[in-house]
Amino acid sequence: MVLEIEEKVIEAKKASIILASVSTDTKNAALEAMAQALDDNRDKILEANQKDVETAEKLKRKGELSQALVDRLKVSDSKISGMIDGIRDVINLEDPVGKTMEALELDQGLELYKVSSPIGLIGVIFEARPDVVPQVMSLCLKSGNATIFKGGSEALNSNRVIFNLLNEAAESVKGMPEGAFQLMETREEVNDILSMDAYIDLLIPRGSNAFVKYMQDNTKIPVLGHADGICHVYVDDEADLGKAYDVCFDSKAQYPAVCNAMETLLINEKIADKFLPKMARMYGDANVEMRCDDSSFKILEEIDFLQNVSRATEDDWKTEYNDLILSIKIVGSMEEAIEHINNYGSHHTDAIITESDLKKKRFTELVDSSSVMINASTRFADGFRYGKGAEVGISTNKIHARGPVGMEGLLIYKYILVGNGDKVADYAGPDAKKFTHRRLNKTAANALSRK
């Protein structure tokens with residue numbers, strides 16, 4: 001089995017070299033073929049997904065799968081349309097490969113270019129969410145990266161059908177290499193993939209906290225991702241409460257089973273009595289369970305018809321619920337809210353509701369998160385909504401990519417030095433020539449095509 005997996009990985013690694021040089025027109029033609037394949041085979045996709053959902057529902061009843069995972073697994077006709085739109089959005093994005101990022105003259109006739117290039121072979125390991133396959137494959141293809149996919153067993157049928165449709169469509173386009181995209185299906189293959197640091201250049205895990213943490217702890221391959229999505233909204237004493245009700249409701253209840261949903265609501269004590277009762281009624285109507293600190297519990301326990309209100313524990317501030325559950329805390333100031341966010345948060349997405357320009361500025365400066373929202377829902381932290389076409393994942397790392405990651409997270413760069421028989425010896429010793437180090441308004445493509 002290991003040999004078979006290694007053969008697939010090696011094939012993809014070789015194909016990644018060819019894919020890196022495929023023309024923009026060829027890549028866009030492959031992407032259009034992929035979008036069309038999904039559109040032409042909607043019934044096949046829905047049929048496969050229905051099998052997975054039925055199995056998942058049985059596992060949920062046994063307590064072996066969470067409702068959040070079942071929700072992520074489901075594919076609808078509108079979701080297929082979203083997949084298709086995402087691929088076509090990627091077609092419209094500029095090809096990021098081969099762009100000159102910097103140009104520097106070291107000396108006359110000796111020029112250095114910093115040029116964007118694909119990372120190489122990407123490993124994507126994910127739970128549920130079959131829409132990960134078209135999202136990531138489209139971005140990887142456009143950015144010239146080969147990809148190994150390993151989905152969860154709960155989405156086996158959906159992943160297989162979607163992957164095969166996309167892969168066959170892409171490979172049908174003249175100029176596209178075969179074997180650049182590979183699908184792994186067994187649980188044992190995860191650890192095999194994690195051990196293949198000789199071939200795989202970057203891992204992108206998509207799944208639960210424990211799932212991502214396992215990847216991070218068990219491989220030498222660089223991992224782009226986040227283990228937790230503990231997001232906050234702070235309602236300031238200078239907030240427009242109309243905006244606050246909308247943002248706080250959307251951040252929690254619009255779709256709670258995702259990493260950019262709010263898990264903790266922080267409220268300034270000066271407006272808590274006025275703001276919280278109506279907000280709690282809105283949450284109650286949406287079946288949100290509220291876990292409150294002493295101050296917020298004291299306000300809400302007097303509202304007779306409110307259900308699902310209990311006292312928060314210390315663990316609640318550290319928990320990503322991915323469900324209709326919310327922890328609530330009243331704070332004395334914005335500074336206390338920021339301290340709570342930086343202490344308990346996961347550096348994912350945090351928001352402030354305020355009309356104070358000074359507080360907007362201070363909040364964005366002091367909250368150490370990959371996305372910071374001003375008077376807007378945390379749910380906007382998404383690659384598609386950020387105009388990236390689609391999303392390969394969300395990273396809380398402080399490396400080459402952070403926040404919702406699109407194609408820019410799948411690119412690195414290389415240096416190209418263009419000379420004419422130049423040698424370092426001329427720039428050493430007592431009669432050494434001097435470097436000019438002058439910035440150039442030129443591209444590597446022009447330099448390499450000079451005759």
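The legends below describe several close-up views of a predicted model. Residues are numbered from 1 along each chain as its sequence is written, and side-chain values use heavy atoms, with hydrogens and water left out. Because the model is predicted, local features need pLDDT of at least 70 and side-chain atom pairs count only at pLDDT 80 or more, whereas totals for chains, interfaces and linings use all residues.

**View 1. Helix 2 packs against helix 5.** Helices (H or I, at least four residues) and strands (E, at least two) are DSSP runs numbered from the N terminus. The axes of helix 2 (residues 24-40) and helix 5 (residues 77-92) come within 9 Å and cross at roughly 170°, which makes helix 2 roughly antiparallel to helix 5, a term for angles over 145 degrees. Axes are lines fitted to C-alpha atoms, for helices over the stretch in contact, and angles run from 0 to 180 degrees between N-to-C directions. Contact means heavy atoms within 4.5 Å, and helix 2 contributes Asn28, Leu31, Glu32, Met34, Ala35, Gln36, Leu38 and Asp39, while helix 5 contributes Ile80, Met83, Ile84, Ile87, Arg88, Val90 and Ile91. By class, this contact has 10 nonpolar, two polar and three charged residues, where Ala, Val, Leu, Ile, Met, Phe, Trp, Tyr, Cys and Pro count as nonpolar, Asp, Glu, Lys and Arg as charged, and the others, Gly among them, as polar.

**View 2. Helix 3 also packs against helix 5.** Arg42, Ile45 and Leu46 of helix 3 meet Asp77, Ile80, Ser81 and Ile84 of helix 5, a contact with four nonpolar, one polar and two charged residues.

View 3. Strand 3 (residues 121-126) and strand 6 pair over five bridges, and Arg206 in strand 6 is the bridge partner of Phe126.

**View 4. Strand 2 pairs with strand 1 and with strand 16.** Six bridges join the antiparallel strand 1 (residues 100-107) and strand 2, with Leu104 opposite Leu112 in strand 2. These two strands form a hairpin with two residues between them, and Gly109 in the turn has a positive phi of about 80°. Strand 2 (residues 110-118) has eight of its nine residues buried, meaning under 20% relative accessible area (1.4 Å probe, protein chains only). Strand 16 (residues 411-418) pairs with strand 2 in the antiparallel sense over eight bridges, and Val418 in strand 16 is the bridge partner of Glu111.

**View 5. Asn322 has a positive phi, and so does His437.** Most residues other than glycine have a negative phi. Asn322, with a phi of about 50°, is found in the loop between strand 10 (309-311) and strand 11 (325-331) and counts as buried at 15% relative accessibility. His437, with a phi near 45°, is found in the loop between strand 16 and strand 17 (438-439).

Technical notes:
Angles under 35 degrees count as roughly parallel, over 145 as roughly antiparallel, 65 to 115 as roughly perpendicular and the rest as oblique. Two strands pair if DSSP finds at least two bridges between them. Buried means under 20% relative accessible area, exposed over 50%, partly exposed in between (1.4 Å probe, protein chains only).
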